[in-house]
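The entries follow the order in which I looked things up.

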Amino acid sequence: ADVAGVSPRTSAVRDVTPRQSENPLAADAITIAPAGVQTSQTTGRQAPRLTSFDAESLAIAVPAAWLLGVLSVVGWLALGRLRLRRIRRGAWELRSADWRDVLGESKAEAGVTREVLLATSSYVTTPLTWGWFAPVVLLPDDAIDWAEDHRRVVLRHELAHVSRRDSFTQLVAGVVCALYWFHPLVWITE
């Protein structure tokens with residue numbers, strides 16, 4: 001039978017003891033418990049409160065999680081740059097006349113006026129370019145045996161990255177990824 005709008009499976013107990021952490025206007029809260037379960041009113045003890053994150057905890061946890069994500073992405077980017085530097089230190093600069101001629105012609109075609117370091121390394125298997133202020137074009141070891149036409153095609157491609165300042169664009173994309181690491185579209189567009 002229904003008594004005062006309470007089903008037979010639950011009983012309503014009026015809690016008239018205000019808790020210090022609660023709003024004093026909400027002191028007359030009603031506790032609903034399954035029938036037969038003792039409440040703080042029947043045992044005389046204060047029932048433990050199960051609460052989710054309160055606003056203060058969230059105000060600390062959310063920025064802390066964001067900062068941890070930012071630092072993780074920035075650390076990952078910094079490690080990548082340090083690895084490139086290490087590879088560069090172990091690379092052999094290509095100073096032969098045939099490489100210098102092809103590089104000079106390709107720079108002129110691409111409109112690159114800055115000095116570009118051309119080197120080879122056993123740590124890379126495909127040509128790559130990096131560096132905003134001092135661009136580096138790094139070629140695999142087998143580049144020494146490439147035909148002149150292949151050298152020109154590869155250098156034109158790599159110097160196009162230098163001309164467009166793609167290294168700077170990648171740096172900006174990395175900073176955006178660090179700031180918005182939690183958003184999947186940022187990683188897709190990167």
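Predicted model: local features only at pLDDT ≥ 70, side-chain atom pairs only at ≥ 80, totals over all residues.

**Entry 1. Helix 4.** I began with helix 4, residues 148-163. I then listed its buried residues, which are Arg151, Arg152, Val154, Leu155, Glu158, Leu159 and Val162. The elements that cover them include helix 3 (97-110), strand 4 (117-121), strand 5 and strand 6 (136-140).

**Entry 2. The loop.** I moved on to the loop between helix 4 and helix 5, where Arg165 is found. Is Arg165 buried, partly exposed or exposed? I found a relative accessible area of 41%, so Arg165 counts as partly exposed.

**Entry 3. Helix 5.** I recorded 14 residues for helix 5 and a reach of 20 Å from first to last C-alpha, close to the expected 20 Å. Its buried residues are Asp166, Ser167, Gly174, Cys177 and Ala178. They lie on the same side of helix 5, because they cover an arc of only 120° around the axis. As cover for these residues I noted, among others, helix 2, strand 5 (128-130), helix 4 and helix 6 (184-189).

**Entry 4. Ser167.** I looked at Ser167 of helix 5 separately. Its relative accessible area is 13%, and therefore Ser167 is buried. Beyond its neighbours within four places in sequence, Ser167 is in contact with Arg81, Trp130, Gly131 and Trp132. I also noted that the C-alpha atoms of Ser167 and Thr129 are 7.9 Å apart, although 38 residues separate the two in sequence.

**Entry 5. Helix 2 against helix 5.** At what angle do helix 2 and helix 5 pack? I read an angle of about 155° between helix 2 (residues 55-90) and helix 5 (residues 166-179), with the axes 7 Å apart. Angles over 145 degrees count as roughly antiparallel, so helix 2 is roughly antiparallel to helix 5. On the helix 2 side the contact is made by Trp66, Val70, Val73, Val74, Leu77 and Arg81; helix 5 contributes Ser167, Gly174, Cys177, Ala178 and Leu179. I classed the residues of this contact as eight nonpolar, two polar and one charged.

Terms used:
Residues numbered from 1 in each chain as written. Heavy atoms only, no water. Axes fitted to C-alpha atoms, helices over the stretch in contact; angles between N-to-C directions. Helix = DSSP H or I, 4+ residues; strand = E, 2+ residues; numbered from the N terminus. Parallel < 35°, antiparallel > 145°, perpendicular 65-115°, else oblique. Contact = heavy atoms within 4.5 Å. Nonpolar A, V, L, I, M, F, W, Y, C, P; charged D, E, K, R; others polar. Expected span 1.5 Å × (residues − 1). Buried < 20%, exposed > 50% of the residue type's maximum accessible area, 1.4 Å probe, protein only. Arc of directions from axis to C-beta.
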